[in-house]
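Take each task first, then follow the solution step by step.

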Amino acid sequence: MKKKLTTVQFRGTKEQEEKLLEVIAKHQGTKGAMMPILQEAQEIYGYLPIEVQKIIAEKTGTPLEEIFGIVSFYAQFALNPKGDVAIAVCLGTACYVKGSGDLIKKIEEKLGVEPGSTTPDGKYTLEATRCIGACGLAPVLTINNDVYGRLTTADLDGILEKYM
C-alpha cells in the first residue's frame, strides 16, 4: 500500500533537532549509515516528516529524493505521526477472506480517515497491515496493544467506543 502524507503541522523541538544532529555526527563518514540515521531519527521524532528528511539530506550531503525514496519504500518508516489511538487492520489472506476489507471500510467511514493516515486532530491513525500471525482469529485488528479477533462489522462500534 502506498504511503500518504497528511497535513499535520510539524512540531519538532530544538532538543529533538540537537539529538538528530548528534546522531548524524555519530554516523558521519560511515558507509551504509543512512538506515541507522533514519531509524534513530524516527526514534527521536516518532516519524520522519519532510522537515527531518531535509535536515538529514543537508547534513549528510544526500539528495532529499534519495532519502524520501528510502523512507517511503520501507514499511518500518512512518511519514506521518501516529495518533493516540493506532488502529491496524490485518489484510493478510486469512483475514481478508473472512471480511477484514469490510472492517477497514467501516472504520474509514466512522472515523473519516483513510488507511495510512491520521485524523486531523491527531487522535486516530488507521493502518492496513499484512499478516500479524493471528490467522486462527481472522479477521483481526489491533488497537494500540489490544488484539481483537473473529470480528464482524457489527462488533466495531462497541470496540471503537472504548477508545472514544
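This is a predicted model: local features need pLDDT of at least 70, side-chain atom pairs count only at pLDDT 80 or more; totals for chains, interfaces and linings use all residues.

Residues are numbered from 1 along each chain as its sequence is written, and side-chain values use heavy atoms, with hydrogens and water left out.

**Exercise 1.** Describe how helices α6 and α7 pack.

Step 1: Find α6 at residues 100–111 and α7 at residues 153–161. Helices (H or I, at least four residues) and strands (E, at least two) are DSSP runs, numbered from the N terminus.

Step 2: Recall that a packed pair of helices is described by the angle and the distance between the axes. Here the angle is about 45 degrees and the axes are 9 Å apart. Axes are lines fitted to C-alpha atoms, for helices over the stretch in contact, and angles run from 0 to 180 degrees between N-to-C directions.

Step 3: Classify the angle. Under 35 degrees counts as roughly parallel, over 145 as roughly antiparallel, 65 to 115 as roughly perpendicular and the rest as oblique. The helices α6 and α7 are therefore oblique to each other.

**Exercise 2.** Where do Asn-144 and Arg-150 lie, and is each of them buried, partly exposed or exposed?

Step 1: Asn-144 sits in the loop between β4 and β5 (146–148), while Arg-150 belongs to the loop between β5 and α7.

Step 2: Apply the cut-offs: buried means under 20% relative accessible area, exposed over 50%, partly exposed in between (1.4 Å probe, protein chains only). Asn-144 has 37%, so it counts as partly exposed. Arg-150 has 58%, so it is exposed.

Step 3: Look at the backbone too. Asn-144 is not a glycine, yet its phi is positive, about 55 degrees. Arg-150, also a residue other than glycine, has a positive phi near 50 degrees.

**Exercise 3.** Explore the loop between β3 (124–129) and β4 (141–143).

Step 1: Locate Leu-137 in this loop. With a relative accessible area of 32%, Leu-137 is partly exposed.

Step 2: Move on to Pro-139, which is found in the loop between β3 and β4 as well. Which kind of peptide bond joins Ala-138 and Pro-139? The bond is cis, with omega about -10 degrees.

**Exercise 4.** Find the distance between the C-alpha atoms of Asp-84 and Ala-138.

Step 1: Asp-84 is in the loop between α4 (64–73) and β1 (85–90).

Step 2: Asp-84 and Ala-138 are 54 residues apart along the chain, and their C-alpha atoms are separated by 25 Å.
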